[in-house]
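Please look through the structure below together with its sequence.

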Amino acid sequence: MPVMPVTPEQVQDIVGSNDGNQNAHIASLSVIKSTSYSYTASWTSYHIALSDSGRSYLLLVSPLTPSCPQPGAATPPGLITLPALSDLLSKILDNTVVPVPRPVAHDVSGGEGKWQFGWLLLRVPGSLPHTHPPVSLASVRHQLSPGQLARVELRLGTYLCALHGITNDWFGIPMDRPTPEPPSIPSFATLLAASQTGEDGEGDGEDMTPYSWQDTFVLQLEELLEHVCGDAEARRTAPSGYRVDVDIDVDDLRRSLTRAIGSFLFDDVEMPRLIWVTGNEEDVIVSVTREKGSDGAASEEDTEADIAYILPTFGRALWGDPLMETWFLPPGPTTAIKEGYFGSEEDGTLIVFPRHQTKRMWYTVYLALMVLAEEMPQGEGGETTQASGRETIRWARSILPKCVEILKNAPCY
């Protein structure tokens with residue numbers, strides 16, 4: 001889907017109506033482009049700088065109603081709503097020191113015909129030069145000294161640990177309030193019946209899926225698999241623009257998944273924790289402060305690098321298993337990130353047994369399918385996404401066949 005067009009006048013109206021200053025003047029407006037795992041075709045992010053207050057904002061916009069002229073041109077499953085994202089960011093700010101943008105206001109109604117899109121306005125934290133677009137860790141990594149990079153990554157590890165410290169009562173996609181209602185707490189009788197008979201309690205009208213990470217993850221995975229690959233007949237007859245060419249045997253993958261389910265591979269996750277899922281270096285905004293010495297020049301020793309804030313790329317967030325984070329993709333996080341994440345815990349790791357390596361591979365399959373799902377057309381006439389040909393697409397197409405083959409005999413113990 002192309003960039004969702006928003007005019008400067010519309011941005012002026014949104015910011016002026018919610019900044020507390022109707023005369024606020026916009027100094028710059030730029031699109032924040034994403035080409036990595038967090039790319040979401042149906043969302044467009046804008047960086048906004050005001051000239052008279054020194055404030056900066058982010059504006060996330062999405063279509064009011066995704067256009068689906070043909071089967072297969074639908075928004076990929078698993079994407080949270082803008083109101084849910086607003087609630088989630090507020091929860092992060094209330095419970096951690098992770099610097100995410102603060103929600104100001106949102107509107108997904110179209111403003112009684114004023115806008116053809118839904119939006120979420122966020123205030124950027126910190127004191128970066130507000131007239132310049134944000135600079136990511138991915139773009140400045142090569143410019144940082146080993147010490148500066150270690151400082152940023154150490155901080156990143158602590159932030160990641162803090163995110164995982166936020167817990168929930170149930171697994172799955174973060175929801176907005178008040179509707180849809182969160183899953184109801186199951187009754188004691190339902191839990192007892194499920195433990196004794198293995199039934200999910202549906203006969204009593206209570207869905208137990210959100211209280212099992214295995215059931216929740218398998219459901220999410222199956223929805224993505226169906227969206228990307230569909231059934232054999234649908235793959236054969238779909239227009240070329242609505243197919244994602246993936247060289248995998250879906251039946252083999254499902255057989256391996258059945259074996260994993262039978263071994264309760266995912267059932268060792270007891271506490272639903274906040275998982276960013278797609279977080280990567282593109283989403284980490286870095287500030288570099290250069291202090292001049294007595295000679296008027298800034299040396300490397302006088303230059304500090306730190307995390308300014310985290311972009312609100314939590315559209316694919318889940319309440320689930322910390323091992324699912326993209327940061328834990330093999331070969332795993334850097335030494336500094338691990339140190340920040342595990343703290344004083346020596347040889348800290350989330351992979352202890354062979355089954356954990358297998359589980360991590362299933363999470364890689366999930367991520368690859370999600371990347372491919374965002375590549376599929378979602379607009380009028382089967383428009384391809386603006387990120388077509390990005391590196392993560394090539395990665396997904398390459399890694400999926402390898403995972404399918406390895407998972408055939410991967411240990412589940």
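In this predicted model, Cys-403 counts as buried because its relative accessibility is 3%, and buried means under 20%. Cys-412 has a relative accessibility of 11%, so Cys-412 counts as buried too. A disulfide would need a pair of cysteine sulfur atoms within 2.5 Å; by this rule the count is 0 disulfides.

Next comes helix α2, which covers residues 82-95. How far apart are its end C-alpha atoms? They are 20 Å apart, which agrees with the 20 Å that 14 residues should span at 1.5 Å a residue. At the N-terminal end, Thr-81 caps α2, with a side-chain oxygen 3.1 Å from the backbone nitrogen of Ala-84. Ala-84 is also one of the buried residues of α2, which include Leu-85, Leu-88, Leu-89 and Ile-92. An α-helix has 3.6 residues a turn, so residues three or four places apart point the same way. The cover over the buried residues of α2 includes the strands β3, β4, β5, β6 and β9, and also helix α4.

Some of these strands belong to an open sheet of 5 strands, ordered β1-β2-β3-β5-β4, with antiparallel pairing. Its edge strands, β1 and β4, each pair on one side only. On average, neighbouring strands of the sheet are turned by 20° against each other, direction ignored. β4 and β5 pair over 5 bridges in the antiparallel sense, and Asp-107 stands opposite Trp-119 in β5.

Helix α1, residues 8-18, packs on this sheet and touches β1, β2, β3, β4 and β5. The direction of α1 makes about 55° with that of β5. Helix α2 lies across β3, β4 and β5, and runs at about 165° to β4.

Technical notes. Residues are numbered from 1 along each chain as its sequence is written. This is a predicted model: local features need pLDDT of at least 70, side-chain atom pairs count only at pLDDT 80 or more; totals for chains, interfaces and linings use all residues. Side-chain values use heavy atoms; hydrogens and water are left out. Buried means under 20% relative accessible area, exposed over 50%, partly exposed in between (1.4 Å probe, protein chains only). Helices (H or I, at least four residues) and strands (E, at least two) are DSSP runs, numbered from the N terminus. The expected span of a helix is 1.5 Å times one less than its number of residues. Contact means heavy atoms within 4.5 Å. A polar contact is a pair of N or O atoms within 3.5 Å; within protein, one must be able to donate a hydrogen and the other to accept it, and residues adjacent in sequence count only if both atoms are side-chain atoms. Two strands pair if DSSP finds at least two bridges between them. Axes are lines fitted to C-alpha atoms, for helices over the stretch in contact, and angles run from 0 to 180 degrees between N-to-C directions.
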